[in-house]
Amino acid sequence: MEAYALTMNERVDVLIIGAGASGAAVAWSLAETKMRILCLEQGDWQKSSAFPSTGRDWEARLSEDFSISPNRRGLAADYPVNDADSPIKIANFNGVGGGTVLYAGHYPRLHPSDFKVRSLDGIADDWPIDYNTLEPFYGLNDRIMGISSLEGDPAYPFKEAVMPPIPLGRTGQTLGKAMNKLGWHWWPSDAAILTQEYEGRAPCINLGQCGSGCAQGAKGSTDVTYWPEAIRARIELRTRCRVSRIETNDDGMATGAYYFDADGREVFQPAEIVIIACNGIGTPRLLLNSTSARFPTGLANSSGLVGKNLMLHPYAQIRGHFDEPMDAHRGPPICTWSHEFYETDTARGFLRGYCYQFSRGMGPVRTAMNGMIDGLIPWGEGHHDAFHRMFGHSAGMVSVCEDLPEEINTVTLDADLKDGNGIPAPKITYRIGENTQKMLDHSVARGIEILEAAGARDITTRSPLAYAGWHLMGTARMGTDPKRSVVNEWGRSHDVKNLFIVDGSVFVTSGGVNPTSTIQAVALYVADQIKSRLYDLFD
Amino acid sequence: MTFLIETAMTFSAVPDEDEFDDAGGTLLAVLGHMIPASAEFGLPGADDPAVYREILRSTGRDRPFLAEALGMIDAMAGGSLGSLPHDRQTALLANFRVAEPELTAILEAVTTRCYYRDDRVMTAIGIEVRAPFPIGYEVEEGDWSLLDPVRSRGRIWR
């Protein structure tokens with residue numbers, strides 16, 4: 001029997017775990033300190049030549065290696081997620097760039113009110129920071145990621161545009177006219193999609209496949225934005241390295257992390273500072289897997305809140321069909337948004353609110369599949385006629401509903417399920433709250449009104465959208481009270497003074513918009529705090 | 001669509017590259033019922049030999065669910081769908097679709113993923129026979145003055 005040999009690496013100053021949206025941003029920001037910084041990523045770099053849009057079978061490949069479900073993909077980089085006890089299934093991507101490789105590039109910020117929900121609406125908790133704290137980091141992040149937008153959106157404080165917005169297209173115009181008819185807010189989306197040459201990257205050519213990797217490189221995923229610059233600044237990014245647990249010493253300080261390398265060898269990586277950037281499922285999973293005599297319920301978990309308050313943003317989908325042609329599968333799928341129902345109006349029967357993402361059409365495969373599932377395209381003789389009336393004629397929206405933090409919605413460790421390295425997998429226990437359900441119902445009813453005002457026929461709805469658990473938040477929340485939060489107001493663990501968390505798990509509340517912009521702004525903010533406190537960081 | 005993901009929530013290995021075994025011809029029969037050829041639209045059926053061949057080699061992660069669906073159809077037919085007269089096949093498949101919507105979605109997924117990338121089909125439905133990249137597509141910019149009423153309404157954030 002071969003003797004077990006643990007490999008130990010040289011110590012680094014900063015160890016970052018995860019190379020996705022937040023890990024990339026924090027690495028880039030800390031590079032100027034000239035500290036020795038290493039990032040461990042369980043996945044690998046993506047080859048743009050392998051993205052689905054490079055092949056005739058692009059729609060088929062969306063449900064294989066580029067599926068948004070880790071359980072469906074089941075690749076070596078993935079870990080399984082037991083989400084049987086949740087009506088919303090988990091979506092993610094594991095590799096350099098993380099979820100930004102497969103996200104749509106829809107890039108809203110939180111609203112100022114999102115940071116003060118307790119003060120304004122008497123629910124949940126206020127964040128310990130506010131919009132003004134993050135505003136400079138939102139702006140910096142917009143410039144690094146390359147955000148296209150139109151200045152002057154009345155739903156937000158002024159935001160400087162980095163470049164012009166993505167095209168409205170027929171979809172944006174048709175639905176925009178309907179919103180004008182109803183007197184409701186709409187605006188072109190802020191998008192992490194280049195509309196012009198920018199920092200050596202080419203502009204969007206309307207491939208329409210943002211959600212499965214951008215072969216053009218026009219979409220701002222961190223493998224083409226932050227990481228090239230961070231690596232030029234001598235940050236080391238080590239791929240196919242899956243961290244299993246964080247080690248601590250008798251002083252309660254993190255000493256580094258154990259990981260499995262590409263050959264399955266277990267390695268210990270010593271570090272002075274550990275930064276976790278694994279998002280709302282991966283981060284609590286790692287903390288809960290890092291138990292010890294000193295931390296028997298998981299690392300940084302004296303509050304008992306690691307893995308609790310999971311927020312997912314339930315979606316509803318409302319789509320219709322038009323007599324005139326729409327954009328079909330061409331162009332960035334999401335073109336405009338509405339924040340008409342974002343701020344609290346108690347007359348609606350719920351607190352807080354939601355936004356709409358207005359979306360273009362689908363390719364022929366999804367048109368046929370959805371049409372048959374919805375009963376709009378039959379089997380047999382009528383198939384072709386019905387398909388011709390639908391293909392290229394659809395448009396619609398999803399609502400992104402604010403999910404409130406509830407301790408019953410959790411990430412725990414599954415008793416049986418393990419990943420390829422034998423590390424316990426996460427288990428999701430989640431149900432949609434009453435307030436959120438009312439919001440979903442409201443959004444479906446208003447969405448139908450919008451499509452009817454636009455002249456749509458054959459309107460279909462799905463609520464909640466099961467396959468939409470992209471936004472993973474709240475499971476290691478930020479706060480000033482160690483009994484009610486996991487990290488402090490600048491991202492440092494209350495319990496372990498050289499351990500930081502910079503991803504969506506620190507969100508106190510979820511807002512009703514996609515979180516990536518805020519996740520990255522928080523990561524840049526925490527990095528800035530680390531830099532400014534470097535000489536008394538552990539006090 | 002939702003179901004396709006929900007059924008795949010078990011952690012599954014990446015499938016091998018072998019062709020799907022449709023020795024009994026049940027899948028071929030189902031394809032003909034689902035998407036028949038159309039002279040009016042100038043379209044082949046999903047049971048066209050080239051489309052069928054593509055489907056057999058492209059079942060991917062849905063292979064076990066496809067086998068389950070076809071096995072159930074054959075069981076409902078008392079042995080083999082192909083042994084029944086055409087009108088009885090139609091009736092049986094109608095019953096199957098009502099009873100097994102989730103497995104029906106698998107049949108539809110594996111069929112449409114290949115059918116709608118066939119050269120003849122892409123041409124007939126009016127899309128170019130090519131991958132999206134590297135040429136891309138044109139999308140009209142749109143009329144930005146449509147936003148004037150939104151601007152004039154003023155701030156809505158708190």
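Trainee: What percentage of the 158 residues of chain B count as buried?

Mentor: The model is predicted: local features need pLDDT of at least 70, side-chain atom pairs count only at pLDDT 80 or more, and totals for chains, interfaces and linings use all residues. Residues are numbered from 1 along each chain as its sequence is written, chains are lettered from A and ligands numbered from 1 in the order in which they are written, and side-chain values use heavy atoms, with hydrogens and water left out. Buried means under 20% relative accessible area, exposed over 50% and partly exposed in between, with a 1.4 Å probe and protein chains only. Of the 158 residues of chain B, the buried share is 47%.

Trainee: How many helices does chain B have?

Mentor: Helices (H or I, at least four residues) and strands (E, at least two) are DSSP runs, numbered from the N terminus. From that terminus on, the elements of chain B run α-α-α-α-α-α-α-α. Chain B has zero strands, and its helices number eight.

Trainee: Is B:Ala94 buried or partly exposed?

Mentor: B:Ala94 belongs to helix H5 (residues 86-99) of chain B. Its C-alpha atom is separated by 10.0 Å from that of B:His33, 61 residues apart along the chain. Because the relative accessible area of B:Ala94 is 34%, the residue is partly exposed.

Trainee: How many salt bridges are counted between chain B and chain A?

Mentor: Contact means heavy atoms within 4.5 Å, and 70 residues of chain B are in contact with 84 residues of chain A. A salt bridge is a side-chain nitrogen of Lys or Arg within 4 Å of a carboxyl oxygen of Asp or Glu. One example joins B:Arg61 and A:Glu64 at 2.7 Å, N to O. Between chain B and chain A, the count of salt bridges is eight.

Trainee: What area is buried between chain B and chain A?

Mentor: Buried area is the accessible area (1.4 Å probe) that two parts lose on being put together, summed over both. Carbon and sulfur atoms give 65% of the area buried between chain B and chain A, which is about 6,600 Å².

Trainee: How many residues apart in sequence are the parts tied together by A:Arg352 and A:Asp114?

Mentor: The side chains of A:Arg352 and A:Asp114 meet in a salt bridge of 2.7 Å, N to O. A:Arg352 lies in the loop between strand S11 (334-338) and strand S12 (354-359) of chain A, and A:Asp114 in the loop between S4 and H4 of chain A, so the parts tied together are 238 residues apart.

Trainee: Which residue forms a salt bridge with A:Asp121?

Mentor: Both partners are buried, and the closest N and O atoms are 2.7 Å apart. A:Asp121 lies in helix H4 of chain A and its partner in the loop between S11 and S12, so the pair ties together parts that are 231 residues apart in sequence. The partner of A:Asp121 is A:Arg352.

Trainee: How many nonpolar residues are in the lining of the largest pocket?

Mentor: The lining has 26 residues, with A:Gln42, A:Leu75, A:Ala76, A:Ala77 and A:Arg240 nearest the centre of the pocket. On a 1 Å grid over the protein atoms alone, a pocket is an open set of points with protein on both sides within 12 Å along at least five of seven lines, and lining residues have an atom within 4 Å of a point. Ala, Val, Leu, Ile, Met, Phe, Trp, Tyr, Cys and Pro count as nonpolar, Asp, Glu, Lys and Arg as charged, and the others, Gly among them, as polar. The lining of the largest pocket has seven polar and eight charged residues, and its nonpolar residues number eleven.

Note on methods
On a 1 Å grid over the protein atoms alone, a cavity is a set of points where a 1.4 Å probe fits but cannot get out, and a pocket is an open set with protein on both sides within 12 Å along at least five of seven lines; lining residues have an atom within 4 Å of a point.
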